[in-house]
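Hi,

Here is the structure I promised to pass on. My notes on its aromatic residues follow below.

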Amino acid sequence: MGFQSIPLEFFKDYPEPGVNFIDVGCVFDNPVHWQVAIDTLYERTADLHFDFIVAMDARGFMIAGALAYKRAIGFAMARKPGKLPGEAISIDYQREYGSATIEIQPARIKGERVLIVDDVLATGGTIEAAASLLRQVGKEVVGAAALFDIAFFQDKRNLTMPVITLRDV
């Protein structure tokens, strides 16, 4: 089974009217789908030569955790405001259905060459915000990875890094 053959689940008008939400739970809840996703992501990101991962809140945590475990490297979380204890830095950004804020803890970013991991790539605003924070603290962002790439936004992005995705939707 390849990643392209995994059946997807969409929810119309979630979390807001006009948004067609991809529920990646259909990957997480099936052990075969989950193994295919992580194994494929592991293979496709090998050439980026990263030594640390930053995981985007919240579905990116599971993907990044599995990928970090498989690569035997660490990972840290980028979260919504007020969710990280201790010193954190934040940034406001735009995404496909409004604005948001994320935070990272600079002390938790142990590597120098960082891969950003999320579940779905839409406008790229979330990964670009994380990249900005990482660059502020002197880290090299070598790329980003996500399971799904929303094709509608592909021509509307201005990304500053290579992005590996497993499937266009």
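Let's start with Phe11, which is partly exposed at a relative accessible area of 41% (buried means under 20%, exposed over 50%, partly exposed in between, with a 1.4 Å probe and protein chains only). Keep in mind that this is a predicted model: local features need pLDDT of at least 70, side-chain atom pairs count only at pLDDT 80 or more, and totals for chains, interfaces and linings use all residues. Residues are numbered from 1 along each chain as its sequence is written, and side-chain values use heavy atoms, with hydrogens and water left out.

Beyond its neighbours within four places in sequence, Phe11 touches Val19, Asn20, Phe21 and Asp23 (contact means heavy atoms within 4.5 Å). Its C-alpha atom is 6.6 Å from that of Ile22, 11 residues apart along the chain.

Now the rings: the whole structure has 4 aromatic pairs (ring centres of Phe, Tyr or Trp, the latter by its six-membered ring, within 6.5 Å; planes under 30 degrees apart are stacked, over 60 edge-to-face, the rest tilted). One of them is Phe3 with Phe148, tilted, at 5.4 Å centre to centre and 35° between the planes. Both Phe3 and Phe148 are buried. Another pair, Phe28 and Trp34, is edge-to-face, with 5.0 Å between centres and 85° between planes. Phe28 is partly exposed at 24%, and Trp34 is partly exposed at 22%.

Finally, two lysines sit over rings (NZ of Lys or CZ of Arg within 6 Å of the ring centre and within 35 degrees of the ring normal): Lys70 over Tyr42, 5.0 Å from its centre, and Lys156 over Phe152, at 4.2 Å.

Cheers
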